[in-house]
Amino acid sequence: MKRLVTITLAALAASACGRESPPLAVSGGIAVLDAYATASAAPDVSALYFTVENRAAEADTMIAVSTSVGEATLHTVETRNGLSSMLAVERLPIPGGAEVRMRPGGYHVMLSALPSPLAAGDSIGVEATFVHAGTLRFRAPVMTYSDVVERLEQGAAGRR
Ligand SMILES: [Cu+2]
């Protein structure tokens, strides 16, 4: 029992110091990291976040995203006159050598028409298609909203 506790603490320490997590998928110059979906707050709606890293010098563009459940739409959040609203986005440009991080209040993938609510502990399949890198396939674990926010902050800190 004591041994198990020690291992758990070591794992916590490793994640707390923000060690970079390995990519979930790589194709061409594009790598996908830190993919998380939130447990459904409303029965048939949820959100998915992931980070796209462009390790190539040339820009690439994400032109499609789909998931194993429901309908996926890329959204951004725009604030005008103090009012925030979500806007559908057709293309997500990733400049050469840059990283685009989806997060609450910014780019996210809206999941709608879910056949059943997403629960923490589930995972969903994701396909993201880029002009140059082609289609990357990966899975995103489903977590509570607060766990997703925490993971995204850790991921960002790990690559700062
Ligand atoms: Cu949205």
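**Notebook: strands and core**

I began with burial: 26% of the 160 residues in the protein are buried. I note here that the model is predicted.

Next I looked up the secondary structure, which comes to two helices and 11 strands. Reading along the sequence, I wrote down the pattern α-β-β-β-β-β-β-β-β-β-β-β-α. I then checked the contacts with a separation of 6 or more, and 71% of them are between residues 24 or more positions apart.

I turned to strand 5, residues 71-80, and asked how it pairs. With strand 6 (residues 83-88) it runs antiparallel, and six bridges join the two. In this pairing I found Glu 78 opposite Ser 85 of strand 6. Strands 5 and 6 form a hairpin with two residues between them. In the turn I noted Asn 81, which has a positive phi of about 50 degrees.

Strand 5 also pairs with strand 9 (residues 108-112), in the antiparallel sense and over five bridges. There I picked out Ala 72, whose bridge partner in strand 9 is Leu 111.

Last, I looked at the largest nonpolar core, which has 30 residues. I listed the members that touch the most other members: Val 32, Tyr 36, Ala 37, Leu 48, Tyr 49, Phe 50 and Ala 140. Strands 2, 3, 5, 7, 9, 10 and 11 each supply at least two residues of this core. Strand 2 gives the largest share, six residues.

I followed one of the listed members, Leu 48, further. Leaving out residues up to four places away in sequence, I found that Leu 48 touches Ala 37, Thr 67, His 108, Val 109, Leu 111, Val 126 and Ala 140.

Key:
Residues numbered from 1 in each chain as written. Predicted model: local features only at pLDDT ≥ 70, side-chain atom pairs only at ≥ 80, totals over all residues. Pairing = 2+ DSSP bridges. Helix = DSSP H or I, 4+ residues; strand = E, 2+ residues; numbered from the N terminus. Core = buried A, V, L, I, M, F, W, Y, C linked by C-beta atoms within 7 Å. Buried ≥ 20, exposed ≤ 12 C-beta atoms within 10 Å, placed from the backbone. Contact = placed C-beta atoms within 7 Å.
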